[in-house]
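Here are a few friendly notes to read alongside the model. Please keep the viewer open while you go through the points.

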Amino acid sequence: MEKINYHQNFLEELEKIKSSKPSLLLHACCGPCSTNIIDSLKERFEITIYFSNSNIYPSEEYYRRKDELFDFIGAYNHKNNTNIHVVSDAYEPEIFMCQLGVYGNVKEGGKRCYLCYQLRMEKAYKYANRNNFDYYTTTLSVSPHKNSQWINQIGEMLATKNTKWLFSDFKKDNGYQKSCTIASDFNLYRQNYCGCIYSYEQMLVYKEQKATEE
Ligand code: SF4
């Protein structure tokens, strides 16, 4: 199937709304991934960040990423005289893992990840719709490891006329590199695995292999 250029869709949507400043709920997986996105969208949207990531294991890591995001937004607002809000969903890892566990043996990038995007994006959409946001989207596509085609398909599928999906492929236009630069300027903690217990265990195996080789 031919890939859709979602970055182009994003640029076209920005053109359509250039004389207004709609509200946007931005689902964020962590501080570093949100950096360049808020920097590039802050003049175009009234942004609220939504932290909903019950996929993260263990709980210490969840709270570390969450706290880092909240601290970053505070520091960013202070530095840029902006008023970006950040809200958090409940942490419910048991419910989440019950659902992801079906695909526990599937390697990263497969069905487990599709479901993981979907579960988090459903929560973001519901929150956005309940609170009358004009648009919602997610930081997930900034990562070179995430499937932007899937993310945009899910986003579009969930969206309604009242809460539109903001098409995006935030890694484009050097988005990933720019986010690394801003994260480093703010001295943000950057995790070395995606989030779930499966990616955590994979990271430990990789670390052990590296240590044996050295
Ligand atoms: S590897 Fe990442 S995207 Fe995939 S299921 Fe785990 S946390 Fe979710």
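Is Asp173 buried, exposed or partly exposed, going by the other C-beta atoms within 10 Å? Point 1 has the answer.

1. **Asp173 and its loop.** Asp173 is partly exposed, because 14 other C-beta atoms lie within 10 Å. The cut-offs, with C-beta atoms placed from the backbone, are 20 or more other C-beta atoms within 10 Å for buried, 12 or fewer for exposed, and in between for partly exposed. Asp173 sits in the loop between strand E5 (164-165) and H7. Although Asp173 is not a glycine, its phi is positive, at about 60°. Lys172 belongs to the loop between E5 and H7 too, and is partly exposed with 17 other C-beta atoms within 10 Å. Lys172 and His7 are 165 residues apart in sequence, but their C-alpha atoms are 6.9 Å apart in space.

2. **What kind of model this is.** This is a predicted model, in which local features need pLDDT of at least 70, side-chain atom pairs count only at pLDDT 80 or more, and totals for chains, interfaces and linings use all residues. Residue numbers start from 1 along each chain as its sequence is written.

3. **Overall layout.** The protein chain has 8 helices and 5 strands. Here helices (H or I, at least four residues) and strands (E, at least two) are DSSP runs, numbered from the N terminus. Read from the N terminus, the order is α-β-α-β-α-β-α-α-β-α-β-α-α. The C-alpha trace spans about 55 × 40 × 35 Å along its principal axes. A compact globule of 214 residues would have a radius of gyration near 17 Å, and the protein chain agrees, with 17 Å. That radius is taken over C-alpha atoms, and the globule rule is 2.2 Å times the number of residues to the power 0.38.

4. **Burial and contacts.** Of the 214 residues in the protein chain, 38% are buried. Two residues count as in contact if their C-beta atoms, placed from the backbone, lie within 7 Å. Among contacts between residues at least 6 apart in sequence, 72% join residues at least 24 apart.

5. **Around the ligand.** Which residues surround the ligand? They are Asn55, Leu100, Glu108, Arg112, Cys113, Cys116, Cys194, Gly195, Cys196, Tyr198 and Ser199. A residue is near a molecule if its C-beta atom, placed from the backbone, lies within 6 Å of it. Helix H5 (111-130) and helix H8 (197-213) are the elements that give two or more residues to this shell. H5 gives the most, with 3 residues. By class, the shell holds 6 nonpolar, 3 polar and 2 charged residues. In this scheme Ala, Val, Leu, Ile, Met, Phe, Trp, Tyr, Cys and Pro are nonpolar, Asp, Glu, Lys and Arg are charged, and the others, Gly among them, are polar.

6. **Helices H2 and H7.** Two packed helices are described by the angle between their axes and the distance between the axes. Helix H2 (residues 31-41) and helix H7 (residues 175-185) pack at about 110°, with axes 8 Å apart. H2 and H7 are therefore roughly perpendicular to each other. Axes are lines fitted to C-alpha atoms over the stretch in contact, and angles run from 0 to 180 degrees between N-to-C directions; 65 to 115 degrees counts as roughly perpendicular. H2 brings Gly31, Pro32, Cys33, Thr35, Asn36 and Asp39 to the contact, and H7 brings Gly175, Lys178, Ser179, Ile182 and Ala183. The residues of this contact divide into 4 nonpolar, 5 polar and 2 charged.

7. **Backbone spots to check.** Most residues other than glycine have a negative phi, and most peptide bonds are trans. The peptide bond from Tyr57 to Pro58 is cis, with omega near -10°. Pro58 is in the loop between strand E2 (46-51) and helix H3 (59-80). Asn81, not a glycine, has a positive phi of about 55°. Asn81 is placed in the loop between H3 and strand E3 (85-88), and is exposed, with 6 other C-beta atoms within 10 Å.

8. **Two tyrosines.** Tyr125 lies in helix H5 and is buried, with 23 other C-beta atoms within 10 Å. Leaving aside neighbours within four places in sequence, Tyr125 is in contact with Tyr136, Leu158, Ala159 and Thr163. Tyr63 is in helix H3 and is exposed, with 12 other C-beta atoms within 10 Å.

Terms used: Angles under 35 degrees count as roughly parallel, over 145 as roughly antiparallel, 65 to 115 as roughly perpendicular and the rest as oblique.
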